[in-house]
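Hi everyone, thanks for coming. I'd like to walk you through one structure today, so let me put it up on the screen.

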Amino acid sequence: MNYRLYIIFIIILTVACKKEDPPVNEEKDHFSNGLLVLNEGLFQQNNASLSWIDLSSEAITTQVFFKQNERPLGDTGNDMAIYGGKLYIVVNASSTLEVLNARTLKSIKQIPLQYNGQGQQPRHLAFHQNKAYVSSYDGFVNIIDTSTLSIKNRIAVGENPEGIAIVGDQLYVANSGGLSYPDVDSTVYAIDLISETVKDTFVVGKNPGDVVSDKEDDIYVVKRGDYGDSDPSELVRISAAGTIMNLGIDASFITKKKDVMYISHYNYDSGEGTVTTFDLLNEAIISSDHINGAQVETLYGVHPSSSEVLYIYDAMNFTNTGYIRKFNDNGNLIQSYHVGLNPTKLIHYE
Amino acid sequence: MILLSTVCNFLFGKRGVQSHHFSQFCGYCMLCFFSCLSFAQSDTSEYEGVTVIGKHAKIDEHNSYNRQEIQALAPADLGILLKRVSGATIADYGGIGSMKTISVRGLGSTHTGVLLNGFPQANPQNGQTDLSNFQLENTESVAVSIAPLQKIKVPVSSLMQGNMIALETFQQTFANRPFMVRASTTIGSFGQREAYAGFKLGNQRQFLSSSAQFRSYDGDFHYTLPHDNLNKERVRSNNNLTSYNFSIGCGKKWRTGKNIRHRVRMTSQVKHIQRSLPGAVILYNSPTNEQLTTQQKQLGGDYSIFSKRFRLRAFANLNQQQLRYFDPDYLNNQGFIDNQYDNKNLQGGFHGKWTWDKLHLHFGSDIALHHLNSSRNLGVPQRSTSISMIGASKKLSHLSVNATLFHHSINDQNAPLTHQSSYNRWNPQFTITTSEELLDNLQFTLWYKHASRAPTFNELYYSQIGNTTLIPEESQQMNFGYMWLFNQNSVNVAVKGNVFYNNVHNKIVALPTQNLFVWSIQNVGKVQTYGTDLSFELGVQISHDLRIELASSVTHQSVTDRSKRSSPSYGDQIANTPRWTQSNDLQIKWKQWTLTSSSLYIGERYALNENNVTNQLDAYLVFDANINYAWKMKKSRVLNVQVGVKNLANRSYYHINYFVMPGRNYFIKLAYEL
């Protein structure tokens, strides 16, 4: 009987004393020779995250932001870039711009992007002359001083701006209007960064998204249309002279390395992903079948590395954790890295 | 916890992580077992038109609660009460006032039907019932049924559903005395204010009743989040609720001839609910300002006839539900969303039984017409549904056997979207149950149930995501159940258990089809469930003034995703569904005092279908306790004073990821009845 009472006492005592397991402290001092991956996460799950792929050991570390800063990154990470030794991360649903030391990934400042008490839902960012430009779904581009990390101004643009690109002193902003679907926007604004006013408007097609510029000051935009057969997601060029041309190339996301643009497209009906390479100087397709798309479950973007490899974001089914797929120059899969939920951006650390 | 795990590993052997979780669970069970208690079952069953109240458990009723049990547990709404039902998973989006839906044995909320006084509460727009809309002040009984039923008071359409919740209210039961009054008022933490008043005139042959309810809740509770390095206490905002409910009812019984009895009842109800929708807590951002307004009107009536060989119930029910969803901050070109939906449902049918000796022939049919108008681009969906049933049950010397076949026919039409489709399904059900002649006090049952549920209007037509090619979702359920009863002197014991296997295919799920922001509904999911549950009830009359009642139940269920073998989540437990749940209720009655204590353990879950550490949601254990004093006055008047505390340990937790739940809170309730 005494033994039973003892057991009961121990059980009550141990359950009553249950505490949350403390987060494991695996801080790292310096990040180099690896890939930093931004995982978008899922809306309302607060599970945006950073993954680190060590290229020497090929070891993968997840939840890097949490480990370095002991707090979650937030909800829906959309964009990430390094400027002036700082890493900037756009967190859409949390409406924050996280500024980190690019080498230690320690937080320098979290900039709340709120206006009149409402989240602005930032989407993408670009840099020019010590300023960060952040497009936000509330119809504005925030201008942030990268020295003081304070918001200097905000420029009114179209509905739900997405991709942005800078050419000289001009900022190009794609106004998607995606939250008004099917009555979406179809314009790209050109903004003079000196006067911080809209100088020109280009009608490129419904629901524009990613924007890339080239050396010749041409602007390439993905107009996503209605994603259907009647208005497919395609690549549109705004020439330096202001001429708009639909190039008829299937496109979901675009990015560039030097003078080559990488156009990724995923056909949700057939489940096929393609990567097209495009010569920006000759304005011609290099290859429309750059990788073996069958080796990717759900193509969610591409990152051309400084070396001769291509990294593909594989979102799987969007609710399962994704992969970074490494392809060689011949377009064959050579390595897969299991990362977080919906990988969307990658930075190669030398 | 380590010591506890060591003890349990010693007892059960070490089997890695699974064993660790099991040992943790055992610890909770043992703790709860020694610290908590419950009630004996009494149930209300209808026989020959007469309501018989007895103290006997029924194997076809999975869980049931009578008025005394509901009052003792003091749940804020139906969803909170049903958290204790074994095999049920209540998706609770934030406590009092927040939406709650039920999933039983992995079938999904659209497979559960709700019957209010025998009238189906259909909502073809979203297919699920928000259990938080049902307050229980006027409720006489709540029963959850999973097994095939043959009761004629249940419409055919409800018999065919995967499982069913049946509520009987004060307004629709015949009166025990010429004038009955019930009134109560409750004041609680976080701005909880409730009032209820109802009366009934009549007797066992006729009644006229009316009741009104009011509820208001500020919902501004404090909470903390896990992994918050600042351990910052926040306040939930935009979480208020106001609701009004008014109902009337009447009924009459009469006889024609010697053995033919008739009964007719009418009911009408108006409900208005104004609710804020705080949504999930989004880290670092402001809460939303979304609002949902629900207005519901119902008019129903039924007629029953009972004779020695023949029984039949026919009913008709007209229901209108108007919803308005308003988001004043949405970042579209209007700057807001204002969506309005107007659902109209007309349903009628009959269910009869003809008896020859020990053979019973069941038959019946339900017809329903559904119509939806909305401010969104959904077209004008219209649906006509017909469900017919024929079955037979035979009582043999040692067994009762039942076989029933349902025909389910659905016709959908949406002229503006040029959509028209029809589906036909045959759904069989079988039951074998041992009789009391075979085994005294011990009963076994084996049953099989096939059910189908039609795609909802939202799944078919909702702009961007709707898919008009959807077909019905199918479920198969198999169950072996047992029940043992023991009644001797002052001790009552009931032990019930089930082993079950479920299979859902053509499961309707949302998938991204264009990008992460453009999803579509498709018939691609498969879910497999197997599990077991065990419940134990004990009542001991220790002395004339002292009685102790204990109820405890435990469920283990594996509800796994079987949709696509190559998926990383194939074979994983589906989102928000715990493997282990456990509840305990203890009641000590001494003279006019009643002390009630209850606990609920919800095991680890995953926020998404992939069972990894990032998606893992912690298990939680919540204790409630209250004490009631019944001041009995002259002429059978009773004034109850009840004081209670919920979430006694002030546990910070959530069931759905980042839908935070309230911490410790208190209430005081005064209830008068005549």
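Let's start in chain A, where S5(A) and strand S6 (residues 96-101) run antiparallel and are joined by six bridges. If you want a pair to look for, Ile89(A) has Glu98(A) in S6(A) as its bridge partner. Before I go on, please keep in mind that this is a predicted model.

Those two strands belong to an open sheet of four, ordered S4-S5-S6-S7 in chain A, and the pairing is antiparallel. Which strands stand at the edges here? They are S4 (77-83) and S7 (107-112) of chain A; each has a single partner strand, so one side of each has no neighbour in the sheet. On average, neighbouring strands of this sheet are turned by 15° against each other, ignoring direction.

Chain A has another open sheet of four strands to show you, in the order S3-S2-S1-S30, again with antiparallel pairing. Its edges are strand S3 (60-61) and strand S30 (343-349), each with a single partner strand, so each has one side left without a neighbour in the sheet. Strand S2 (residues 49-54) of chain A is joined to S3(A) by two bridges, and the two run antiparallel. Look for Ile53(A), whose bridge partner in S3(A) is Ile60(A).

Now to a stretch I enjoy, around S11(A). On one side, strand S10 (residues 122-128) of chain A runs antiparallel to S11(A), with six bridges between them. Pro122(A) is bridged to Ser136(A) in S11(A). The two strands make a hairpin with two residues between them, and Gln129(A) in the turn has a positive phi of about 50°.

Then S11(A) pairs with strand S12 (residues 140-145) of chain A, also antiparallel and over six bridges. Here Val134(A) stands opposite Asn142(A) in S12(A). This hairpin has three residues between the strands, and Gly139(A) takes a positive phi near 90°.

So, how many residues of strand S11 (residues 131-136) of chain A are buried? Five of the six are, so the strand is largely enclosed by the rest of the structure.

Let me zoom in on Val173(A): leaving out residues up to four places away in sequence, its contacts are Ser135(A), Val141(A), Val157(A), Pro161(A), Ile164(A), Val188(A), Tyr189(A) and Ile191(A).

Staying with chain A, here are two loops. In the loop between strand S15 (170-175) and strand S16 (187-192) of chain A you will find Pro182(A). A cis peptide bond joins Tyr181(A) to Pro182(A), with omega about 10°. The other loop, between strand S19 (219-223) and strand S20 (234-238) of chain A, holds Asp229(A). Is Asp229(A) buried or exposed? Asp229(A) has 8 C-beta neighbours inside 10 Å, so it counts as exposed. Its C-alpha atom is separated by 33 Å from that of Lys199(A), 30 residues apart along the chain.

Over to chain B, which comes to six helices and 35 strands. Of its 674 residues, 47% count as buried. Among contacts between residues at least 6 apart in sequence in chain B, 62% join residues at least 24 apart.

Asn441(B) has a positive phi, near 65°, and lies in the loop between strand S23 (419-434) and strand S24 (442-453) of chain B. Asn647(B) has a positive phi too, near 55°, and lies in the loop between strand S34 (638-646) and strand S35 (665-673) of chain B. With 12 C-beta neighbours inside 10 Å, Asn441(B) counts as exposed, whereas Asn647(B), with 20, counts as buried.

Last, a word on confidence. Chain A averages a pLDDT of 90, and 92% of the residues score at least 70. Over residues 1-25 of chain A, though, the pLDDT is below 50; this stretch has 21 contacts in the model beyond near neighbours in sequence.

Conventions: Residues are numbered from 1 along each chain as its sequence is written. Chains are lettered from A and ligands numbered from 1 in the order in which they are written. This is a predicted model: local features need pLDDT of at least 70, side-chain atom pairs count only at pLDDT 80 or more; totals for chains, interfaces and linings use all residues. Two strands pair if DSSP finds at least two bridges between them. Two residues are in contact if their C-beta atoms, placed from the backbone, lie within 7 Å. pLDDT is the predictor's confidence in each residue, from 0 to 100. Axes are lines fitted to C-alpha atoms, for helices over the stretch in contact, and angles run from 0 to 180 degrees between N-to-C directions.
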